Amino acid sequence: MRILFVGDVFGSPGRRAVESRLPSLRDELRVDFCIVNGENAADGRGITAKIAERLLASGADVVTLGNWVWGQQGFAPYLNGAERVLRPANLSPRTPGRGLVVHDGVAVINLLGELTLHPFESPFLAAERLVEEALRETSVLVVDFHAEATSEKVAMAYFLEGRATAVIGTHTHVQTNDARVLAGGTAAVTDAGMTGPHDSVIGSLPDGPLRRFTTGLPVRLEVASGDVRIEGALVECGADGRATACELVRVHVEPPD
Ligand SMILES: [Fe+2]
C-alpha cells in the first residue's frame, strides 16, 4: 500500500496547488491513500468547512489539523459531523471533533506537540491510548504529529516504533531531510514540509515577520505567492502495517495563467 502525506497547505496558493495537482500526483505516484494537513489552508490560519470539503474532493482521504484548529470563526461545529476531518486528539474532550479515524482500512491519528503549542493532554499519553484503539481495527496506522520541536517529533517516532506504520511531523513548514524507516517498521520524517508559497517566511510575505521580529509589534501577516510547491512524504507498507519505504515528495506547481 502507498500512502501520500501532504504537508501543511498554506493559504490560497496551497489550496490551488492541491486542487490543480493532487489528482494527477495521486495517479503518478500510484497512491492508495492520501492524508492532507489543512491547518493553514484558510489565509494561513485555520480552515473553513468549505475548504475542508474541497480538500477532500481534490483527493484527500483524511484532512488533519493542528494548533490553528479554532482559527476560523464558525468552523468548530463542522467537526462534529465531519468524520474524515481530524483535530488534534489531545485537545480538551469538551471540544468538538475527534483525533482518530479509521477509513478504508487506514487509521489516522492527529496529535499536537507540547513544546510551544500547549495541548490539553500529553501527546505521548494520548498516543498510548489511541494507538491501542486504532490497532484493534487495522494494522495500518499513520500519525500526524503537529509539533514545533524536532526532539519531540523524533521521540514520538521511537515511542511508536513497531506500532505505527508512519509518524509524520508537521507544523514547521520546513521539510527535513530525514525520511527513513526505523528497524521496527515505522516510517518517520521530522517535518513533511509545506504545500504553499516557498518564496516566503514559512508561507507569509517576509515584510510582516520582519516587522514583527524587529519591532515586537503584532503585525498582521499576508500570504505570499511565489515558488509554490506540494511537499510531503510517500510511505509504502505491507498489509501487516510495517513500512518498507519512506521518501520525501517535493513537486513544483506552475502558477495559473
Ligand atoms: Fe501549525
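A salt bridge is counted here where a side-chain nitrogen of Lys or Arg lies within 4 Å of a carboxyl oxygen of Asp or Glu. The model is predicted: local features need pLDDT of at least 70, side-chain atom pairs count only at pLDDT 80 or more, and totals for chains, interfaces and linings use all residues. Residues are numbered from 1 along each chain as its sequence is written, and side-chain values use heavy atoms, with hydrogens and water left out.

The structure holds 15 salt bridges. One of them joins Asp191 to Lys153, with 2.8 Å between the closest N and O atoms. Asp191 belongs to the loop between β10 (187–189) and β11 (194–197) and Lys153 to helix α5, so this pair ties together parts that are 38 residues apart in sequence. Helices (H or I, at least four residues) and strands (E, at least two) are DSSP runs, numbered from the N terminus. Both Asp191 and Lys153 are buried; the term buried stands for under 20% relative accessible area, exposed for over 50%, and partly exposed for values in between (1.4 Å probe, protein chains only).

A salt bridge also connects the side chains of Glu128 and Arg163, at 3.2 Å from N to O. This pair likewise links distant parts of the chain, since Glu128 sits in helix α4 and Arg163 in the loop between α5 (150–159) and β8, 35 residues apart. Glu128 is partly exposed because its relative accessible area is 34%, and Arg163 is partly exposed because its value is 27%. The salt bridge between Arg211 and Asp207 has its closest N and O atoms 3.6 Å apart. Arg211 and Asp207 both lie in helix α6, separated by 4 residues, about one turn of the helix. The relative accessible area of Arg211 is 42%, so this residue counts as partly exposed.

Salt bridges also link Asp227, Arg229, Glu231 and Arg250 in a network. Asp227 is located in the loop between α6 (207–215) and β12 (228–237), and its relative accessibility of 35% is why it counts as partly exposed. The backbone of Asp227 has a phi near 55°, a positive value in a residue other than glycine. His118 also has a phi near 55°, again positive in a residue other than glycine. His118 occupies the loop between β6 (106–112) and α4 (123–135) and is exposed because its relative accessible area is 65%.

The next feature is the metal site. Glu39 (OE), Asn67 (OD1), His146 (NE2) and His171 (ND1) are the protein donors of the iron ion, at 2.0 to 2.2 Å from it. Donors are N, O and S atoms within 2.8 Å of the metal (3.2 Å for Na, K and Ca); water is not among the atoms, so sites may look incomplete. Along the chain, the donors of the iron ion follow the spacing E-x27-N-x78-H-x24-H. Glu39, in the loop between β3 (33–37) and α2 (49–57), and His171, in the loop between β8 and β9, are 132 residues apart and link distant parts of the chain. The arrangement is irregular because the 4 donor atoms around the iron ion subtend angles of 85 to 178°. Four donors count as tetrahedral if all angles lie between 85 and 135 degrees; four count as square planar and six as octahedral if opposite donors are over 155 degrees apart and all others between 65 and 115; anything else is irregular. Glu39 counts as buried because its relative accessibility is 1%, and His171 is buried because its relative accessible area is 13%.

Pro88 is found in the loop between α3 (78–81) and β5 (100–103) and counts as buried because its relative accessibility is 0%. Beyond its neighbours within four places in sequence, Pro88 is in contact with residues including Leu65, Gly66 and Val69, where contact means heavy atoms within 4.5 Å.

Another buried residue is Ala166, so classed because its relative accessible area is 0%. Ala166 lies in strand β8. Ala166 and Val143 are separated by 23 residues in sequence and by 6.2 Å in space, C-alpha to C-alpha.
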